Amino acid sequence: MKKILALFLAVVMMLTLVACGAQKDDNNDASNPETQTGESDELLPRAEIKSEVEIPADFKIGMICLHDENSTYDNNFIRALKSVQQGLGMSDDQVIIVTGIGEDATCYDTAVDLAKNKGCKVIFADSFGHESFMKQAAKEFPDVQFCHATGTSSKIAGIENFHNAFASIYEGRYIAGIAAGMKLNEMIKEGKITADEAIIGYVGAFTYAEVISGMTSFYLGARSVCESATMKVRYTGSWYDQAKEQEAATALIENDKCVLISQHADSLGAPTACELKNVPNVSYNGSTFSAGENTFIISSAINWAPYFQYIIESVVKGEKIDTDWCGDIATNSVVLSGVNRNVMAEGTIEKLNEAIDGFKKGEIKVFDTSKFTVDGKNLTEYLADVDGDFTGETNVIHDGYFDESNAEKFRSAPYFDIIIDGVTNLNTNFGE
Amino acid sequence: MELICGFIQRAILQGTPLLYGATGEILTEKSGNLNLGIPGIMYIGAISGVVGGFVYQTNAATVVTLWAILIPLICCLAGSLLTSLIYCFLTITLRANQNVTGLAITTFGVGVGNFFGGSLIKIIKSDVPYLSLTKIAKAYKITLPFAEDMGPIGKAIFSYGFMVYLAIIIAVAVSVFLKRTRAGLHLRSVGENPATADAAGINVTRHKYFATSIGGMIAGLGGLFYIMDYSNGIWSNNGFGDRGWLAIAIVIFATWKPLVAIVGSYLFGALYILFNYINVPIQFLPLIQMLPYIVTIVVLVAVSMRKKRENQPPASLGLSYFREER
């Protein structure tokens with residue numbers, strides 16, 4: 001008995017050693033973006049960071065993250081800040097990233113620590129729930145700039161050194177939607193589906209304006225090329241739940257007969273369901289090509305690097321940071337992955353490049369009110385909740401379009417919360 | 001019909017990791033060890049399989065089905081065995097408190113899993129933090145060739161990879177082992193009253209070690225199934241979630257019977273995905289997701305009130321055995 005046990009343990013140890021030893025020399029992994037074959041070059045890549053501003057050696061920036069770099073959401077911020085650090089030639093001491101800070105008083109403590117003990121001149125927090133704690137800290141340290149992503153209240157807070165920021169990601173989703181619409185057209189043309197069966201499925205986290213704005217822009221993008229497209233939406237009630245997202249996507253495919261899926265939630269659940277069911281997928285937050293070589297089409301993401309560069313340079317130059325700031329395609333704040341040539345419809349890349357040009361020239365208005373209806377009517381006025389009190393008070397429609405994420409006039413965080421005709425929410429009724 | 005069959009199929013896929021966990025835990029608890037480390041062991045089972053699969057997928061020129069299955073499988077078993085042995089050593093040899101040790105193993109397991117998962121993700125420098133072992137997963141998802149042509153009912157029964165059936169086979173085997181074999185009887189006696197078992201010449205320590213280690217290895221397979229079959233070979237940190245706790249809840253639900261655990265697991269799996277099949281406002285989702293736990297509490301209350309002998313947990317569950325104790 002002892003001999004068998006000893007032998008078994010020896011085998012286990014050997015396997016462990018093999019497993020540990022072999023990891024290091026790996027550089028030909030299929031999931032390495034550089035070795036992928038089916039994916040085109042990025043349509044809207046992250047620009048190289050260049051600057052003429054010299055950053056003093058004693059300048060420090062602090063960043064407070066909800067999770068660490070293994071979270072899709074936080075990874076996007078960390079990656080951007082590190083690229084800015086490199087681009088501006090800052091040392092590791094000058095960039096302090098604190099991870100795993102919950103949306104509670106720990107955020108305030110961390111912000112105070114960064115301002116008081118670590119000497120940070122500018123502090124950034126990445127999660128919606130960090131906002132009130134950042135404001136609290138901002139009041140106590142007027143000489144330090146406090147910047148907060150996705151927040152809604154900098155304009156009404158009246159705190160000089162507190163700022164909000166977002167990006168008009170709806171532009172990226174609209175372009176990704178065009179790729180989806182072209183795929184639907186291809187499926188109709190090939191006789192796989194009829195025009196009426198061009199149903200898109202969408203897995204959303206919550207029925208927030210952020211999700212509704214994103215899914216509507218995606219849908220409008222798809223409908224701009226495939227008129228008969230409709231969309232069904234399921235919500236998971238969580239920003240990150242792999243199994244729930246996968247199940248929601250599977251239900252959309254199997255029960256609701258959706259023929260293409262996109263998502264606004266942070267796990268790989270929906271892309272995985274699509275790959276398993278062989279249904280095309282438009283992803284989010286970065287390329288998921290290696291998880292869906294046969295189904296991934298394209299992905300859009302926010303690039304926070306331009307904002308980081310802007311706040312760092314503003315503080316160094318002694319200039320004021322905008323109270324609220326919204327980046328867009330023109331500022332390189334919205335990026336697009338490559339397109340999967342195995343899955344995309346013919347002519348997709350050309351069509352998307354046209355749209356990108358259109359956005360850069362300011363010719364495309366995503367929420368053009370002549371392009372969608374609500375209860376059969378075109379909107380001429382809509383009172384949106386811009387001040388974050390859950391009641392609409394500001395008309396955001398002018399010149400024939402819904403003016404989403406206008407940081408100058410309204411605010412950067414999305415406020416488009418209308419379910420337009422053609423979109424069906426399957427598992428929520430807003431409590432009506 | 002198609003809808004119901006689809007629902008059953010999804011419920012079985014959701015329930016299978018739970019079944020592995022529950023079967024492993026039942027075997028463990030029958031020896032008198034309350035292993036609350038099962039969620040951690042499942043997590044380690046998953047990451048061990050992922051590490052093995054990753055090394056193989058990245059180094060092999062072509063992925064051979066047999067190796068694609070065996071390497072992650074053996075790594076998973078080894079990883080969960082090692083973790084179980086830590087638990088055994090602490091609770092059986094050193095007689096540490098089983099609850100504390102179990103909880104520590106769970107925290108440890110999740111940490112180890114995320115550490116190795118995070119490290120591998122760093123190695124491949126992926127845009128989005130995840131690992132993709134889809135080539136390996138293909139081997140795990142091989143189904144019976146005729147499953148596709150069998151209509152909805154056939155699909156609900158025959159459309160799975162081998163690990164779904166393996167889970168049922170293991171549960172049945174454990175049930176037979178516990179009820180019908182001499183070794184099973186010995187194991188149960190150790191869980192009920194180790195002093196008596198000891199006096200009858202049964203090696204208590206050995207039985208506890210074996211039951212807990214093998215139980216841990218079975219549970220580890222649940223983690224492997226989740227990644228390789230259910231998630232199509234996609235690993236993201238914390239993606240496995242906290243379903244290990246559900247597995248422990250099923251043990252109570254099944255009143256320590258592996259055959260009932262099969263039904264229990266699929267039922268819990270069904271409750272987990274129910275939100276997609278009934279139309280509820282999103283604010284009520286947590287209430288529906290609470291159902292498995294409520295069912296467990298109800299069973300616990302009912303079992304405790306009725307005091308039926310065969311439905312009770314092993315009498316010495318959670319207690320360390322010390323021969324010289326008076």
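A salt bridge is counted here when a side-chain nitrogen of Lys or Arg lies within 4 Å of a carboxyl oxygen of Asp or Glu. By this criterion, zero salt bridges link domain 1 of chain A to domain 2 of chain A. The model is predicted.

Domain 1 of chain A is assigned residues 61-168 and 304-327. Domain 2 of chain A takes residues 169-302 and 335-364. The centres of the two domains, taken over C-alpha atoms, are 31 Å apart. Seven residues of domain 1 of chain A contact eight residues of domain 2 of chain A. Together the two domains of chain A bury about 820 Å². Carbon and sulfur atoms account for 53% of that area. On the domain 1 side, 57% of the buried area comes from A:Thr72, A:Asn76 and A:Ser168.

Five residue pairs are counted, with both residues at pLDDT 80 or more. On the side of domain 1 of chain A that touches domain 2, α2 (72-87) and β5 (162-167) each supply at least two residues. The largest share belongs to α2(A), with three residues. By class, this side of domain 1 of chain A has four nonpolar residues, three polar residues and no charged residues.

The interface between chains B and A was examined next. Here, 56 residues of chain B are in contact with 59 residues of chain A. The two chains bury about 4700 Å² between them. Of this area, 54% is on carbon and sulfur atoms.

Four salt bridges are counted between chain B and chain A. One salt bridge pairs B:Glu2 with A:Lys257. The closest N and O atoms of B:Glu2 and A:Lys257 are 3.8 Å apart. This pair therefore meets the 4 Å cut-off for a salt bridge. Polar contacts between chain B and chain A number 15 residue pairs, both residues being at pLDDT 80 or more.

Several helices of chain B contribute to the side that touches chain A. Each of α1 (2-30), α2 (38-59), α3 (65-93), α4 (98-124), α5 (134-140), α10 (204-230), α12 (258-273) and α13 (285-306) supplies at least two residues. The most come from α4(B), which gives seven residues. The side of chain B that touches chain A comprises 28 nonpolar, 20 polar and eight charged residues.

Technical notes
Residues are numbered from 1 along each chain as its sequence is written. Chains are lettered from A and ligands numbered from 1 in the order in which they are written. This is a predicted model: local features need pLDDT of at least 70, side-chain atom pairs count only at pLDDT 80 or more; totals for chains, interfaces and linings use all residues. Side-chain values use heavy atoms; hydrogens and water are left out. Domain bounds come from an automatic or database domain assignment. Contact means heavy atoms within 4.5 Å. Buried area is the accessible area (1.4 Å probe) that two parts lose on being put together, summed over both. A polar contact is a pair of N or O atoms within 3.5 Å; within protein, one must be able to donate a hydrogen and the other to accept it, and residues adjacent in sequence count only if both atoms are side-chain atoms. Helices (H or I, at least four residues) and strands (E, at least two) are DSSP runs, numbered from the N terminus. Ala, Val, Leu, Ile, Met, Phe, Trp, Tyr, Cys and Pro count as nonpolar, Asp, Glu, Lys and Arg as charged, and the others, Gly among them, as polar.
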